Amino acid sequence: MAEAVGVSGLRVRRGGRVVVDDVSFTAPFGGVLAVLGPNGAGKSSLLKALAGVVPSEGDIRLSGRRARELRAPERARLAAYVPQQSELRSPLAVASVVAQGRYAHHAGRVRAAAADEEAVDRALRLTNTAPLASRPFTALSQGERQRVLLARAIATEARILLLDEPTAALDVGHALRLYALLRRLAADGYCIVVVLHPLAEALDWTDAAVLMEGGRLREQGETRDVIKPGAVESIYDVRLVPGGALGFQLPAENKARRGGSLP
């Protein structure tokens, strides 16, 4: 599979302190990569560096292009970032928030083109936020807001999606549906890089993982090889208990398939 994200010697400094230190990995199109680690491991800072939200040192490649050579609109058309929480405080309608994802395509245009409207409609449909389209963003629950932020990212038509703990505010049903959507997007050729805390969910829904501690990369590879007793016990200071958690799944008709294309 073609490389979507390539990171070499990445370093991020926040407030004079190194929070991501000499991290290197790759992620292909067609897969879901989990970024794992305890609180303070540098996961969110890593994701923000990939998105260009915070400055960084080292080399980042997006779709084979060096990120430092891209203008902001070009970068936004390649990789879309979904934060843990939105700073948006204006009561914009949900459809208008999702349409913000089209700004990188406007090139000075004021009015939306047909392609913009189609992209917004598709994003609303995929994230099951179309029923919320006319509601003010500020009137939504945190879980609803998270789905709208994902819709905005999908509306960019960027093929690399960077998600920071997207299920943290979702109930179990909406969380499973979001994971199923991410699998469908990956099957359609997207690259998904997602920061996660629940290790069981990473095992169930992701293909590969990087495990961080103290800003450094400790393990990387297929998820089932990264989440193993030695690494988990060393980094999290807990004992891994196979099958030791509750399990949930969507009804059979709603399960994501590993293959196929999106509508």
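How many residues lie between strand 1 and strand 2 in their hairpin? The hairpin has two residues between the strands, and Gly15 in the turn has a positive phi of about 60 degrees. The model is predicted: local features need pLDDT of at least 70, side-chain atom pairs count only at pLDDT 80 or more, and totals for chains, interfaces and linings use all residues. Residues are numbered from 1 along each chain as its sequence is written, and side-chain values use heavy atoms, without hydrogens and water.

Strand 1 (residues 3-14) and strand 2 (residues 17-28) run antiparallel and are joined by eight bridges; strands pair if DSSP finds at least two bridges between them. Arg14 has Arg17 of strand 2 as its bridge partner. Strands (E, at least two residues) and helices (H or I, at least four) are DSSP runs, numbered from the N terminus.

Further along are two helices. The axes of helix 6 (residues 142-155) and helix 7 (residues 172-187) come within 12 Å and cross at roughly 10 degrees. Helix 6 is therefore roughly parallel to helix 7, a term for angles under 35 degrees. Arg147, Leu150 and Ile154 of helix 6 make the contact with His174, Leu178, Leu181 and Leu185 of helix 7, where contact means heavy atoms within 4.5 Å.

Helix 7 also holds Tyr179, which pairs with Trp205 in helix 8 (residues 199-205), 26 residues apart. Rings pair if their centres lie within 6.5 Å, and planes under 30 degrees apart count as stacked. Here the centres are 5.7 Å apart and the planes are at 15 degrees, so the pair is stacked. Both Tyr179 and Trp205 are buried, meaning under 20% relative accessible area with a 1.4 Å probe, protein chains only.

Definitions and conventions: Axes fitted to C-alpha atoms, helices over the stretch in contact; angles between N-to-C directions. Parallel < 35°, antiparallel > 145°, perpendicular 65-115°, else oblique. Phe/Tyr/Trp six-rings, centres within 6.5 Å; stacked < 30°, edge-to-face > 60°. Buried < 20%, exposed > 50% of the residue type's maximum accessible area, 1.4 Å probe, protein only.
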